[in-house]
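Here is a short briefing to read alongside the model. Take a moment with the view, then follow the points below.

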Amino acid sequence: MPAPDARAERPAQPSLTGEVDPEGSIWKEGAFRRDPWRPTPTGGELGASPLLLDKARWAAERGTLLSRPAPIGLALEGGESVDDIADDLARFALIALNFAKFSDGRAFSTARLLREKFGYGGELRAVGNVLSDQIPFMRRVGFDAFEVHHAPTRRALSEGRIAEVRLYYQPVGPAPGPGTRAWLRGSVG
Amino acid sequence: MYRYDEFDAAFVRQRVAQFRDQVTRRLSGELTEDEFKPLRLKNGVYLQLHAYMLRIAIPYGTMSARQLRKLAHIARTYDRGFGHFTTRQNLQFNWPKLSDIPDILAELAEVEMHAIQTSGNNVRNVTADHFAGATAEEVADPRPYAEIIRQWSSLHPEFSFLPRKFKIGITASEHDRSAIKTHDIGLHLKRLAGGGLGFAVWVGGGQGRTPYLAQLIREALPEADLLSYIEAILRVYNLHGRRDNIHKARIKILINSIGIEAFRNEVEAEWVRIKDGVLKLPEQEIARIEAYFAPPQFAARPAPAALRPADRSFDRWVTRNTHAHKQPGYAIVTITLKPIGGIPGDASAAQMDAIADMAQRFSCDEVRVSHEQNLVLPHVRLGDLWSLYQELKAIGLAEANAGLATDIIACPGLDYCALANARSIPIAQRLSARLAPRQDLVGDLKIKISGCINACGHHHVGAIGILGVEKRGEEHYQLLLGGSGTEAAALASITGPGFGPDGIVDAVEKVVDTYLRLRAGPQEAFLAAYARLGAEPFKEAIYASA
Amino acid sequence: MSKSSGHVQVLTANRLGDGAVVFLNFDGDWVATLAGVVIARSPDEARGLTARGLFDAGRNLVVDPYLVEMREVAGVLLPLRQRERVRLDGPSILDDVPGYTAPAACPPSTATRATEANAAGEAKSDRGEALPRAEAA
């Protein structure tokens, strides 16, 4: 029976947090930061930097990648399943889920499965169409980093102006914040 | 009925503040229309043909007098003095200004109302039997479960960007007044074999371009598992529903494409993982919500119905528009918003105020909206029926036509809706006038009119269904026969080539003529006659050259 | 835009703040009437109008701009599509249906304050036409 509180395991590799930089693309831990991750080069050497790969590349070069000391990250499209690589999830210091359109909500379910079913404890990053009005939902399902290019969203984050309803009717993700509706959690488990 | 506690009140207030911020950012240009549109839809704000439209949630169709009065006030203050009750038990205003809507929502919040998730790709208003809590037919009041689902699905972070809208309906009687088989999830509350309450769960119903009736996914779900099971269904749908084509994005398409067996396997594989987790409903919490729906204090010895000599119109009204109540001495009253020749489902601010008064004095302060665009006063003493009838006559809403041919369901259609291809209201008006003289003779007959394939008028489940389309820039109407949204659910079949606006009214009349001519007697209702005779005699009559 | 049928096009949209149906006129304003509306009589002119619509939508004046095809009959513009006729004229509720009885005036209730100036009966569309709405009470 999987634990409802998901962050039980430490990742095999610690997640990376880039330097604070107002021009940086990654909002994480309360600030914009440079992105320490690089997309995988199309051919040749993998090098020694932290690399973000898609599932196909991971499958193709798994052996090589596992012998590399540098951190590995996984980049998934919204609809991609993680069931087939469930055993490897702890090896990724970063999993990035792409919101191809802001209306494509598949990654919200994928994020919850990663955190709650598979106990993924590394950085879970929202990329693609990340807008301020989706960010509160993203946080609640377990995203802790956001790649943001939309200028008004960047401003709203920097200024702490994301308008949000802070009371929640449904228990989601790790231990609920102070606003979560008590009765729905019951006294189970 | 449910009453907000501090948590609920704070929730809607925060939501209003959030939307006010979003509207401000839209008006200033910080948000483009593309970015704003999904946000405004989640607050029930559409851009329609002439103006914005605001759809206000009336959870499972239940309201207090105070809430109805607030709707009347909003109609007067911010709109053009009327509102439209919908086929999902909600209310629509057709002329609000975007810049006023945050204020309207703030006023609604004062009376525990909102417009959250009345549109958008999320869980919509959970509908329930409009006779709930009053009819003897139910095993228990289904509304506590509707309230539980409503709360759990409100601003659910995982399910706010589904492939498409999601509609849940609940019934607790064998006779299904909620049309659960036309819903994405239909729930039938019942007693389980081993004791206790639970649900038969149906999935994949839906109207629109490709109508489907729901299929049974689980025969007997214990009530404690309600939320976890729904979460499993929604998760499978969220991950696997199509997102490439808006017309193929409902769950009915997914289920039809992989089959109910495969779908059930996916759902139950996920459900097994989560069913004993935090979503399991504790009995005491179900009981706590049920307490809000406890029956009102019925009078110990209510006066019997006062007999009035020779008032046939009152008698007709009692026969047609009242329904047996589980409490002796009481009745359930239907107020049809279908005056002959009138606009189906509309009520003026003055009418709303008057009905609010009636609800307070005659119906234990409760009024319901049915998915057939009528209102219901659920708890009326027999001794009060006469007074109530007089007051309804005074506001023009005493037509004794519940379930008759003039009790027409019609979407707003091209007169209001930006999605529509044809007008439905004038067709409804003319049909009502044409059929009124014979409506008692004809008996039960549900006519449902939609102005486009989105089927908000539910034409697929009308005994007579009318679908408006656009043909070479002009309005054109298809005629369908034999549909039903009850427990004997069936999709109506198209008769053949369509008609113009005059032709469709004539065609419906010919269908009615044919029924009257060929029925086995007045006791054989339209649907039974249609089942027996088949479509041929009706088609012959409609398409016979003049 | 029809090359030979004599149809012309005008640019319409909904005003952002209140959703009202508006048309682009020769002064470059968005107004709720066809009087003085800019008429496109060629594909080039139509393209220009479309671009102007997108531009003004970007400036947050209007939402959903598009071209409406019209017939010109004795100087009067008539939309080709029923949809556009309804959009121009307002809801077409019939108030002359045989058998329709307007509901009688509602008795004042304790809850309603002040006299009931029936907004429905006095409602007018933005174009200053009375809505053909029969309902009173």
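In chain B, eight residues of domain 3 are in contact with eight residues of domain 4, where contact means that C-beta atoms, placed from the backbone, lie within 7 Å. This is a predicted model, in which local features need pLDDT of at least 70 and side-chain atom pairs count only at pLDDT 80 or more, while totals for chains, interfaces and linings use all residues. Residues are numbered from 1 along each chain as its sequence is written, and chains are lettered from A and ligands numbered from 1 in the order in which they are written.

**Domains of chain B**
- The assignment for chain B lists domain 1 (6-110), domain 2 (142-286), domain 3 (312-394) and domain 4 (409-543); such bounds come from an automatic or database domain assignment.
- Between domain 3 and domain 4 of chain B, the C-alpha centres are 26 Å apart.
- On the side of domain 3 of chain B that touches domain 4 of chain B, there are three nonpolar, three polar and two charged residues. Ala, Val, Leu, Ile, Met, Phe, Trp, Tyr, Cys and Pro count as nonpolar, Asp, Glu, Lys and Arg as charged, and the others, Gly among them, as polar.

**A helix pair in chain B**
- Helix H3 (residues 65-78) and helix H4 (residues 101-110) of chain B have axes that come within 10 Å and cross at roughly 160°. Axes are lines fitted to C-alpha atoms, for helices over the stretch in contact, with angles from 0 to 180 degrees between N-to-C directions; helices (H or I, at least four residues) and strands (E, at least two) are DSSP runs, numbered from the N terminus.
- H3(B) contributes B:Lys70, B:Ile74 and B:Tyr78 to this contact, and H4(B) contributes B:Ile104, B:Glu107 and B:Leu108.
- By class, the contact of H3(B) with H4(B) has four nonpolar, no polar and two charged residues.

**Where chain A meets chain B**
- Chain A and chain B each bring 34 residues to their contact.
- H2(A) gives the most to the side of chain A that touches chain B, namely five residues.
- That side of chain A comprises 16 nonpolar, eight polar and ten charged residues.

**The sheet of chain C**
- Five strands of chain C form an open sheet in the order S3-S2-S1-S4-S5, with antiparallel pairing; two strands pair if DSSP finds at least two bridges between them.
- Strand S3 (30-31) and strand S5 (76-79) of chain C are the edge strands, each pairing on one side only.
- Strand S1 (residues 7-15) and strand S4 (residues 62-73) of chain C run antiparallel and are joined by eight bridges.
- C:Val10 has C:Val68 as its bridge partner in S4(C).

Terms used. Two residues are in contact if their C-beta atoms, placed from the backbone, lie within 7 Å.
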